Amino acid sequence: MRTFGEVFSEMIKRRGLSVSAAASELGFSSKTALFRILNGQSKSASNRRCMEAACASELFALTDEETAMLKRALRVGEMGKQAFAMNELMRNLLHPHLLSGPLPAVPLTGGECGDLSALFAERMGFSGIRIGILGRCPQSVLALLHRFSEQADVSGICHIFAVDDQSTEHMRVLSEASFVLFSPVYSAYVINETGVQEKNWLFHSGIILISGVEEGDRRKTHLLTPVQGGYHLIVSDRGEPDALFERLVFDARERIRPLKQAPKNTDGLAFPDNYIQFTDSYEQIERGREIYMMKPDMPFNCIPPELLLPIVKEAFWAMEPSAQMAQAIGRLYDIQKARFDNLFGKKKVTHMVLNQDAMRRFATTGIREDHFFMIRPYTPRERVWILENLRDQMSENPYFHVWFGRSPDLVSDKEVTAYEGYGVAIIKSDTSWHLEADHREIMLESRALVSSFKDYMLNEILPEEVFSREQSLRILSELIELAGKE
């Protein structure tokens, strides 16, 4: 992360210009002012004016890549290196660049030669494979582990790592694991070492433990310890790997807590009890908290309960007309009303970033990106009701804010919501909320992560990547008109 002065100095040299000539071209009264910028002695406003002058200059003729480099350096100067690094990690967590095609080779030394891909290929026929990870693991290695888990009989990947709320380590680990977080076999556990003088090296080590049963019912254990550019491999036919893993973490067992988990476990509950418990858990999480959300289209807790009640009755009553179902419908209404009233009446800030294209689809079809599997599309009249409430709340409620992303890629395949003092929920946006079928969700319980997401939204997303409040209100009015035409 270079300073603005370092980046701009390199661009001047690349064009064969003197500082005096560059200062004259950019409209500086003297070269001294430009020298202060190059030496990192200027304020952010001066750096920004310098960048704008360079972008407008035919002599400099900045490429798109150079303009991006200057903007990045400008943001580093404005935010500070640590805050900027945290935002970059947050961006990668929310928009991971999935590794596709051939993955980079991860060499092995000792025990057996070759690389990690070859090791996995040879163990593809093993059964009951379990993988343990201690500390940070490179993204390329996690990609290999993830691909292996999709092709082999892997029953679990258990990842335990230590973090410090005062550092970027927490976000760095999550960013590296971003594309494997939704894997059903991946579980993450964290030890918070904030304020601890002596860190436990084990939970920063990057050790990987793989076990599985090969033909002949013989269990094999592979211990991989990181070395420069790869791993040292030790293979053993003796000992239970689970017992070894438990011994490694035994002393810290009281401090280990799950990081990735659903808001409420609904296992063993039949519909609609499972959905009631699930939505009730969200009502409790949302209650009285600040909320920071990035989502493709209309959030469910923005649907007026009076509008939703007859739609739910229609669907649920057709499924089972009974006193028990009537009671369930009443309970769901109460939960929705509590969520709706809390969202707009809690006098705590809510920031909501939506995708304009996805909202247009909702306005024209009445189907949300994550439309509940049992209910019909909303009618034009119902869409207008929903959108008018959203517009009115934004216009009149000082605590409620709706924004539309400038780019369709800003909010696409995930719904990410941070709840003040609790955690961050990440949900695949194509869900139909059929909890036993297509629903994929993780809850990362971490106040540090909430703080990071809040900073990312307030300092990165809202200043740079969304339309203004006036433009967002105009878009909402256009959506209302569009919904009413159908």
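Author: The dialogue below takes up these features one after another. Please keep in mind that this is a predicted model.

Reader: How are two packed helices described?

Author: Two packed helices are described by the angle between their axes and by the distance between those axes. Here, the axes of helix 11 (residues 273–286) and helix 13 (residues 323–345) come within 10 Å and cross at roughly 20°. Angles under 35 degrees count as roughly parallel, and helix 11 and helix 13 are therefore roughly parallel to each other. Their crossing is left-handed.

Reader: Which residues make the contact of helix 11 with helix 13?

Author: Among them are Tyr275, Ile276 and Thr279 of helix 11, and Ala328, Arg331 and Leu332 of helix 13. By class, this contact has 7 nonpolar, 2 polar and 5 charged residues.

Reader: Do tell me about the strands. How many bridges join strand 4 to strand 5?

Author: Strand 4 (residues 154–163) and strand 5 (residues 186–192) run parallel and are joined by 7 bridges. Cys158, for instance, has Ser187 in strand 5 as its bridge partner. Strand 5 is also joined to strand 9 (residues 257–258) by 2 bridges, and these two run antiparallel. There, Val190 has Arg257 of strand 9 as its bridge partner.

Reader: Is Lys347 buried or exposed?

Author: Exposed means over 50% relative accessible area, so Lys347, at 62%, counts as exposed. Ala61, at 47%, counts as partly exposed.

Notes:
Residues are numbered from 1 along each chain as its sequence is written. This is a predicted model: local features need pLDDT of at least 70, side-chain atom pairs count only at pLDDT 80 or more; totals for chains, interfaces and linings use all residues. Side-chain values use heavy atoms; hydrogens and water are left out. Axes are lines fitted to C-alpha atoms, for helices over the stretch in contact, and angles run from 0 to 180 degrees between N-to-C directions. Helices (H or I, at least four residues) and strands (E, at least two) are DSSP runs, numbered from the N terminus. Angles under 35 degrees count as roughly parallel, over 145 as roughly antiparallel, 65 to 115 as roughly perpendicular and the rest as oblique. A crossing is left-handed if the near helix is turned anticlockwise from the far one by less than a right angle, and right-handed if clockwise. Contact means heavy atoms within 4.5 Å. Ala, Val, Leu, Ile, Met, Phe, Trp, Tyr, Cys and Pro count as nonpolar, Asp, Glu, Lys and Arg as charged, and the others, Gly among them, as polar. Two strands pair if DSSP finds at least two bridges between them. Buried means under 20% relative accessible area, exposed over 50%, partly exposed in between (1.4 Å probe, protein chains only).
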